[in-house]
Amino acid sequence: MDAKEISLNEKEVKPVVDLLNDYLANYHIHYQKLRGCHWNIKGQNFFTLHVKFEELYTNAQVTIDEIAERVLTLGKPPHSRFADYIQESQIKEINTIGMADLDMVDAILDDMAKLIEMERELLIATDDASDDGTNDMVNRFMQFKEKNTWMLRSFAGKK
């Protein structure tokens with residue numbers, strides 16, 4: 001399939017596809033970090049954060065699938081190798097074993113800030129390409145992270 005099949009210009013959509021593949025790589029590293037936090041959380045915030053990290057990684061899993069399927073919808077293959085994700089991602093892996101609970105929250109907040117930054121860049125690119133479908137999808141993802149950023153910052157006692 002080509003982008004023209006859904007009334008988009010192939011040349012104008014290429015920057016969107018490239019950004020979506022970068023976004024996908026970052027989301028995969030973020031997802032695995034959430035899993036690590038979920039598995040390795042300890043301490044008095046265990047019950048609260050264990051459930052919250054599960055909610056976030058479940059959402060991330062669905063989001064990853066939607067991103068990859070959107071790349072396919074635009075007529076290109078999504079990146080699908082962890083070697084590529086690690087190399088391309090601006091979000092870096094961390095070792096969550098023995099990590100303090102609020103340090104985990106800070107790491108997730110850092111990831112969310114980076115993902116929101118990428119989403120804002122994607123919104124500009126999708127607008128330039130008249131790609132309303134991708135724009136709507138990314139906007140939904142960003143709203144979810146914005147709300148959860150507020151919640152996690154409140155939990156951690158941050159402004």
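What percentages of helix and strand does the chain have over residues 18-157, and how far apart are the end C-alpha atoms? In this predicted model, the stretch is 79% helix and 0% strand, and its end C-alpha atoms lie 37 Å apart. UniProt lists residues 18-157 in an unreviewed entry as "domain: Ferritin/DPS".

The protein as a whole contains 5 helices and 0 strands. Read from the N terminus, its elements follow the order α-α-α-α-α. The radius of gyration is 16 Å, close to the 15 Å that the globule rule gives for 159 residues, so the protein is as compact as a globular protein of that length. Along the principal axes, the C-alpha trace spans about 55 × 30 × 20 Å. Of the 159 residues, 47% are buried.

One helix pair may now be considered in detail. Two packed helices are described by the angle between their axes and by the distance between those axes. Helix α1 covers residues 10-40 and helix α4 covers residues 101-128; the two pack at an angle of about 165°, and their axes are 10 Å apart. Angles over 145 degrees count as roughly antiparallel, and α1 and α4 are therefore roughly antiparallel to each other. The crossing in which α1 passes α4 is left-handed. Sorted by class, the contact of α1 with α4 comprises 15 nonpolar, 4 polar and 7 charged residues.

Notes: Residues are numbered from 1 along each chain as its sequence is written. This is a predicted model: local features need pLDDT of at least 70, side-chain atom pairs count only at pLDDT 80 or more; totals for chains, interfaces and linings use all residues. Side-chain values use heavy atoms; hydrogens and water are left out. Axes are lines fitted to C-alpha atoms, for helices over the stretch in contact, and angles run from 0 to 180 degrees between N-to-C directions. Helices (H or I, at least four residues) and strands (E, at least two) are DSSP runs, numbered from the N terminus. Angles under 35 degrees count as roughly parallel, over 145 as roughly antiparallel, 65 to 115 as roughly perpendicular and the rest as oblique. A crossing is left-handed if the near helix is turned anticlockwise from the far one by less than a right angle, and right-handed if clockwise. Ala, Val, Leu, Ile, Met, Phe, Trp, Tyr, Cys and Pro count as nonpolar, Asp, Glu, Lys and Arg as charged, and the others, Gly among them, as polar. UniProt positions are given in the numbering used here, feature names are shortened, and annotations may be inferred rather than shown by experiment. The radius of gyration is taken over C-alpha atoms; the globule rule is 2.2 Å times the number of residues to the power 0.38. Buried means under 20% relative accessible area, exposed over 50%, partly exposed in between (1.4 Å probe, protein chains only).
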